[in-house]
Amino acid sequence: MSKKKQEKVKHSGPERSVVTTNRKARHDYEILDTYEAGMVLSGTEVKALRQGRGNIVDAYAEIHNGEARVHNFHIPEYDYGTWTNHPPRRIRKLLLHRSELDRLAPKLDEAGLTLVPLSVYFLNGYAKMELGLGRGRKNYDKRQAIAKREADREIERAAGVAAKRGRQG
(Lines give C-alpha, C1' and ligand atoms only; values in the text may rest on other atoms or scores of the structure.)
Protein backbone atom coordinates (compact mmCIF):
# COMPACT_ATOMS: atom_id res chain seq x y z
CA MET A 1 0.00 0.00 0.00
CA SER A 2 1.36 3.36 -0.90
CA LYS A 3 0.71 6.45 1.11
CA LYS A 4 -0.10 9.65 -0.68
CA LYS A 5 2.03 12.60 0.20
CA GLN A 6 0.01 15.38 1.72
CA GLU A 7 1.17 18.80 0.74
CA LYS A 8 0.72 21.52 3.27
CA VAL A 9 -0.79 24.57 1.68
CA LYS A 10 -0.09 27.84 3.43
CA HIS A 11 -3.09 30.10 3.33
CA SER A 12 -2.46 33.73 3.85
CA GLY A 13 -5.50 35.88 4.59
CA PRO A 14 -8.14 36.39 1.93
CA GLU A 15 -6.97 38.46 -1.00
CA ARG A 16 -8.85 41.77 -1.00
CA SER A 17 -8.37 44.43 -3.67
CA VAL A 18 -10.27 47.65 -3.06
CA VAL A 19 -11.91 49.27 -6.09
CA THR A 20 -13.45 52.38 -4.51
CA THR A 21 -14.22 53.78 -1.09
CA ASN A 22 -16.63 56.38 0.22
CA ARG A 23 -14.48 58.38 2.62
CA LYS A 24 -17.16 61.03 2.95
CA ALA A 25 -19.58 58.49 4.47
CA ARG A 26 -17.59 58.13 7.71
CA HIS A 27 -17.55 61.92 7.98
CA ASP A 28 -21.27 62.42 7.31
CA TYR A 29 -22.55 59.39 9.23
CA GLU A 30 -21.90 57.77 12.57
CA ILE A 31 -21.41 54.14 11.51
CA LEU A 32 -23.06 51.81 14.03
CA ASP A 33 -22.54 48.46 12.31
CA THR A 34 -21.01 47.12 9.08
CA TYR A 35 -22.13 44.35 6.72
CA GLU A 36 -20.53 42.64 3.74
CA ALA A 37 -22.77 42.01 0.74
CA GLY A 38 -22.20 40.37 -2.60
CA MET A 39 -23.48 42.10 -5.73
CA VAL A 40 -25.39 40.85 -8.76
CA LEU A 41 -23.43 42.30 -11.70
CA SER A 42 -23.25 41.79 -15.44
CA GLY A 43 -20.01 40.89 -17.21
CA THR A 44 -19.14 44.38 -18.41
CA GLU A 45 -19.78 45.79 -14.91
CA VAL A 46 -17.26 43.37 -13.44
CA LYS A 47 -14.72 44.24 -16.11
CA ALA A 48 -15.17 47.98 -15.49
CA LEU A 49 -14.74 47.43 -11.73
CA ARG A 50 -11.59 45.40 -12.33
CA GLN A 51 -10.21 48.45 -14.16
CA GLY A 52 -10.70 50.36 -10.90
CA ARG A 53 -13.68 52.38 -12.13
CA GLY A 54 -16.73 52.96 -9.99
CA ASN A 55 -18.19 55.67 -7.77
CA ILE A 56 -20.24 55.15 -4.60
CA VAL A 57 -20.21 58.71 -3.24
CA ASP A 58 -23.92 59.34 -3.96
CA ALA A 59 -25.01 55.72 -3.47
CA TYR A 60 -27.41 54.42 -0.85
CA ALA A 61 -28.93 51.03 -0.12
CA GLU A 62 -32.44 50.00 0.85
CA ILE A 63 -34.42 46.88 1.62
CA HIS A 64 -37.44 46.56 -0.64
CA ASN A 65 -39.74 43.50 -0.74
CA GLY A 66 -37.22 41.44 1.23
CA GLU A 67 -34.30 42.27 -1.11
CA ALA A 68 -31.41 44.63 -0.55
CA ARG A 69 -30.72 46.99 -3.44
CA VAL A 70 -28.21 49.75 -4.04
CA HIS A 71 -29.16 52.95 -5.89
CA ASN A 72 -26.91 55.56 -7.59
CA PHE A 73 -23.87 53.27 -7.68
CA HIS A 74 -22.13 54.53 -10.82
CA ILE A 75 -20.12 52.01 -12.83
CA PRO A 76 -19.04 53.64 -16.12
CA GLU A 77 -19.45 51.69 -19.33
CA TYR A 78 -16.69 49.22 -20.12
CA ASP A 79 -14.31 50.75 -22.69
CA TYR A 80 -14.10 47.67 -24.88
CA GLY A 81 -17.75 46.65 -24.55
CA THR A 82 -20.10 46.55 -27.50
CA TRP A 83 -23.88 46.68 -27.60
CA THR A 84 -23.81 44.41 -24.52
CA ASN A 85 -22.65 47.28 -22.27
CA HIS A 86 -24.60 48.02 -19.11
CA PRO A 87 -26.44 51.20 -18.05
CA PRO A 88 -24.09 53.09 -15.67
CA ARG A 89 -26.59 53.90 -12.89
CA ARG A 90 -28.98 50.97 -12.72
CA ILE A 91 -30.37 49.57 -9.46
CA ARG A 92 -28.25 46.60 -8.43
CA LYS A 93 -29.28 43.75 -6.17
CA LEU A 94 -27.19 43.03 -3.07
CA LEU A 95 -26.74 39.54 -1.68
CA LEU A 96 -27.18 39.35 2.09
CA HIS A 97 -28.15 36.42 4.30
CA ARG A 98 -31.84 36.24 5.22
CA SER A 99 -30.98 36.64 8.91
CA GLU A 100 -29.07 39.85 8.15
CA LEU A 101 -31.98 41.20 6.11
CA ASP A 102 -34.42 40.34 8.91
CA ARG A 103 -32.20 42.14 11.44
CA LEU A 104 -31.68 45.19 9.22
CA ALA A 105 -35.26 45.82 8.07
CA PRO A 106 -36.64 47.06 11.43
CA LYS A 107 -33.53 49.15 12.05
CA LEU A 108 -33.94 50.94 8.72
CA ASP A 109 -37.54 51.77 9.60
CA GLU A 110 -36.27 53.78 12.57
CA ALA A 111 -35.94 57.49 11.97
CA GLY A 112 -32.46 58.63 11.07
CA LEU A 113 -30.84 55.27 10.24
CA THR A 114 -29.71 54.48 6.71
CA LEU A 115 -27.63 51.89 4.88
CA VAL A 116 -24.58 53.55 3.32
CA PRO A 117 -22.05 51.89 0.98
CA LEU A 118 -18.56 52.30 2.46
CA SER A 119 -16.39 50.47 -0.07
CA VAL A 120 -16.41 48.14 -3.06
CA TYR A 121 -13.74 45.47 -3.36
CA PHE A 122 -12.94 42.06 -4.78
CA LEU A 123 -12.56 39.23 -2.27
CA ASN A 124 -11.22 35.98 -3.70
CA GLY A 125 -12.52 36.96 -7.15
CA TYR A 126 -16.01 38.02 -6.04
CA ALA A 127 -17.22 41.63 -6.08
CA LYS A 128 -18.32 42.69 -2.58
CA MET A 129 -19.69 45.86 -1.04
CA GLU A 130 -19.16 46.92 2.55
CA LEU A 131 -22.31 48.54 3.91
CA GLY A 132 -22.56 50.63 7.05
CA LEU A 133 -25.66 51.14 9.14
CA GLY A 134 -25.31 54.81 9.93
CA ARG A 135 -27.02 57.70 11.63
CA GLY A 136 -26.61 61.08 9.96
CA ARG A 137 -24.45 63.62 11.74
CA LYS A 138 -25.36 67.25 12.16
CA ASN A 139 -22.73 69.94 11.58
CA TYR A 140 -22.05 70.35 15.30
CA ASP A 141 -21.53 66.59 15.62
CA LYS A 142 -18.96 66.74 12.82
CA ARG A 143 -17.13 69.56 14.60
CA GLN A 144 -17.13 67.59 17.85
CA ALA A 145 -15.75 64.52 16.08
CA ILE A 146 -12.97 66.58 14.49
CA ALA A 147 -12.11 68.20 17.85
CA LYS A 148 -12.00 64.79 19.57
CA ARG A 149 -9.77 63.36 16.84
CA GLU A 150 -7.36 66.30 17.12
CA ALA A 151 -7.29 66.00 20.93
CA ASP A 152 -6.49 62.29 20.65
CA ARG A 153 -3.66 63.12 18.23
CA GLU A 154 -2.24 65.65 20.68
CA ILE A 155 -2.35 63.08 23.49
CA GLU A 156 -0.59 60.49 21.31
CA ARG A 157 2.02 63.04 20.27
CA ALA A 158 2.68 64.08 23.87
CA ALA A 159 2.94 60.46 24.99
CA GLY A 160 5.37 59.75 22.16
CA VAL A 161 7.56 62.74 23.10
CA ALA A 162 7.53 61.71 26.79
CA ALA A 163 8.49 58.14 25.90
CA LYS A 164 11.28 59.40 23.66
CA ARG A 165 12.67 61.62 26.45
CA GLY A 166 12.53 58.69 28.89
CA ARG A 167 14.72 56.57 26.59
CA GLN A 168 17.25 59.35 26.02
CA GLY A 169 17.56 60.43 29.66
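In which loop is the place of Asn65? Asn65 sits in the loop that joins β3 (60-64) to β4. The structure is a predicted model, in which local features require pLDDT of at least 70 and side-chain atom pairs require pLDDT 80 or more, while totals for chains, interfaces and linings use all residues. Residues are numbered from 1 along each chain as its sequence is written, and side-chain values use heavy atoms, with hydrogens and water left out.

The protein contains four helices and seven strands. Helices (H or I, at least four residues) and strands (E, at least two) are DSSP runs numbered from the N terminus. Along the sequence these elements follow the pattern β-α-β-α-β-β-β-α-β-β-α. Contact is defined as heavy atoms within 4.5 Å. Of the contacts with a separation of 6 or more, 69% are between residues 24 or more positions apart.

The protein has 169 residues, of which 30% count as buried; buried means under 20% relative accessible area, exposed over 50%, and partly exposed in between (1.4 Å probe, protein chains only). The accessible surface comes to about 12000 Å², and carbon and sulfur atoms hold 48% of this area. Accessible areas were computed by the Shrake-Rupley method with a 1.4 Å probe, and for residues only the protein chains shown count as cover.

A nonpolar core is a set of buried Ala, Val, Leu, Ile, Met, Phe, Trp, Tyr and Cys residues joined through side-chain atoms within 4.5 Å. The largest such core has 26 residues, and those with the most contacts inside it are Phe73, Leu94, Met129 and Leu131. At least two core residues come from each of β2 (29-39), α2 (43-50), β4 (67-71), α3 (98-109), β6 (113-123) and β7 (126-136). With residues up to four places away in sequence not counted, Leu131 touches a set of residues including Tyr35, Ala61, Leu94, Leu96 and Leu115.

Most residues other than glycine have a negative phi. Asn65, although not a glycine, has a positive phi of about 55°. Asn65 is exposed, with a relative accessible area of 70%. Asn72 also has a positive phi, near 60°, and is placed in the loop between β4 and β5 (92-95). Asn72 is partly exposed, at 32% relative accessibility.

Arg50 lies over the face of Phe122, at 4.1 Å from the ring centre. A charge sits over a ring if NZ of Lys or CZ of Arg is within 6 Å of the ring centre and within 35 degrees of the ring normal.
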